[in-house]
Amino acid sequence: MQGGLDLRKTRVVIGTVISAGVFVALPLVYAVISRALDVVLGLPEEPIQWPANLLLTGVVWTWGLFWILWAYSALVFIGQGSPSEIFGYALEPTKQLVITGPYAYVRNPMVFGLQFIFLGAAFLVNSVAGVALLPVAALISAGYIRFFEEKTLVKRFGIEYEHYREHVPMLIPNVVPYVPD
C-alpha cells in the first residue's frame, strides 16, 4: 500500500506543479494578447489611471484565487485526486464526484476563478481589449469543458454526474448551493 500511496502523492504534486504553471502562463498570454490588440486597434493606453488599475487587479485576483484554491483543495481532499487534466485525460483522477464546497455553486469553479484572473491581467496591463475579450475566453473555456471534461466525467460518474450537471451551472455560480436529493 505504501508504494501506491507514494505514487498518488507524486501524481498530486506533479499535478499541482502543472496546474500552477497553467494558472500563471494563461494570464500572461492573455495580458500579452490583450495589449497587442489594444495597440492594433488603437484603443486607449491608460483607460484606468494608476494606481486604481493595481487596486482593481488586486481585488479581482484575490476573488479569482479564492475560487481556484477552494476548488483545488476540494478536489484533492474530498475527491482524493488532482485537478490536472488535459483533453479529458486526468493525471490523478478524483476517486469520487465532488459536488460540495465550490462545486455546489458552479461545476467549474477553477475556470470561474480563472476568468477573474484574466480580468485582473487586463486591469494590470490597462487593456480595454482584455476586458472585452472575457466573454470570448469564457466561451472557449465552456467549449473545452463540454467537449473534453464533461465527456470524461459522464463516463466515470454516469447518472450521478448527469443529475449534478442538470442542477448546477457550468461557469456562473448559483447563489444557493446544490443539495443532492
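Select Val-176 first, in the segment after α5, and display its surroundings: leaving aside residues up to four places away in sequence, Val-176 touches Ala-104 and Tyr-105, where contact means heavy atoms within 4.5 Å. The C-alpha atoms of Val-176 and Tyr-105 are separated by 6.8 Å, although the two residues are 71 residues apart along the chain. Val-176 itself is exposed, with a relative accessible area of 60%; here buried stands for under 20% relative accessible area, exposed for over 50%, and partly exposed for what lies in between, computed with a 1.4 Å probe on protein chains only.

The model on screen is predicted, so local features are reported only at pLDDT of at least 70 and side-chain atom pairs only at pLDDT 80 or more, whereas totals for chains, interfaces and linings use all residues. Residues are numbered from 1 along each chain as its sequence is written, and side-chain values rest on heavy atoms, with hydrogens and water left out.

**The charged network**

Next select Arg-107, in the loop between β2 (89-90) and α3 (109-124); helices (H or I, at least four residues) and strands (E, at least two) are DSSP runs numbered from the N terminus. Arg-107 counts as buried, at 9% relative accessibility, and its contacts, not counting residues up to four places away in sequence, include Tyr-161, Tyr-164, Val-168 and Pro-169.

Which side chain meets that of Arg-107 in a salt bridge? The partner is Glu-150, at 2.6 Å from N to O, a salt bridge being a side-chain nitrogen of Lys or Arg within 4 Å of a carboxyl oxygen of Asp or Glu. Because Glu-150 lies in helix α5 and Arg-107 in the loop between β2 and α3, the pair ties together parts that are 43 residues apart in sequence.

Glu-150 and Arg-146 both lie in helix α5, four residues apart, or about one turn of the helix, and Arg-146 is partly exposed, with a relative accessible area of 42%. Arg-165 also meets Glu-150 in a salt bridge, at 3.5 Å from N to O, and Arg-165 is partly exposed, with a relative accessible area of 26%. Through shared partners, these salt bridges join Arg-107, Arg-146, Glu-150 and Arg-165 into one network. By the same rule the count comes to four salt bridges.

Now colour residues 52-77, helix α2: at 1.5 Å a residue its 26 residues should span 38 Å, and the end C-alpha atoms, 37 Å apart, agree with that; the expected span is 1.5 Å times one less than the number of residues. Among the buried residues of α2 are Asn-53, Gly-64, Ile-68 and Leu-75.

Rings of Phe, Tyr and Trp (its six-membered ring) pair if their centres lie within 6.5 Å, with planes under 30 degrees apart counted as stacked, over 60 as edge-to-face and the rest as tilted. A search of the whole structure on these terms finds 12 aromatic pairs. Select Tyr-30 and Phe-118, whose ring centres are 4.5 Å apart and whose planes lie at 10 degrees, so the pair is stacked. Tyr-30 lies in helix α1 (residues 2-41) and Phe-118 in helix α3, so the pair ties together parts that are 88 residues apart in sequence; both residues are buried.

Trp-67 and Trp-70, by contrast, form a tilted pair, 5.4 Å centre to centre with 55 degrees between the planes. Trp-67 counts as buried at 5% relative accessibility, while Trp-70 counts as partly exposed at 29%. Ring pairs link Trp-63, Phe-66, Trp-67, Trp-70, Tyr-105, Phe-112 and Phe-116 into a cluster.

**The nonpolar core**

Show the largest nonpolar core, of 27 residues, in which Tyr-30, Leu-97, Tyr-103, Met-110, Phe-118, Tyr-161 and Tyr-164 touch the most other members. Such a core is a set of buried Ala, Val, Leu, Ile, Met, Phe, Trp, Tyr and Cys residues joined through side-chain atoms within 4.5 Å. The elements giving two or more residues to this core are α2, α3 and α5 (134-167).

**A last stop**

Finish at Asn-126, in the loop between α3 and α4 (128-132). Asn-126 has a positive phi of about 55 degrees although it is not a glycine, and at 6% relative accessibility it counts as buried.
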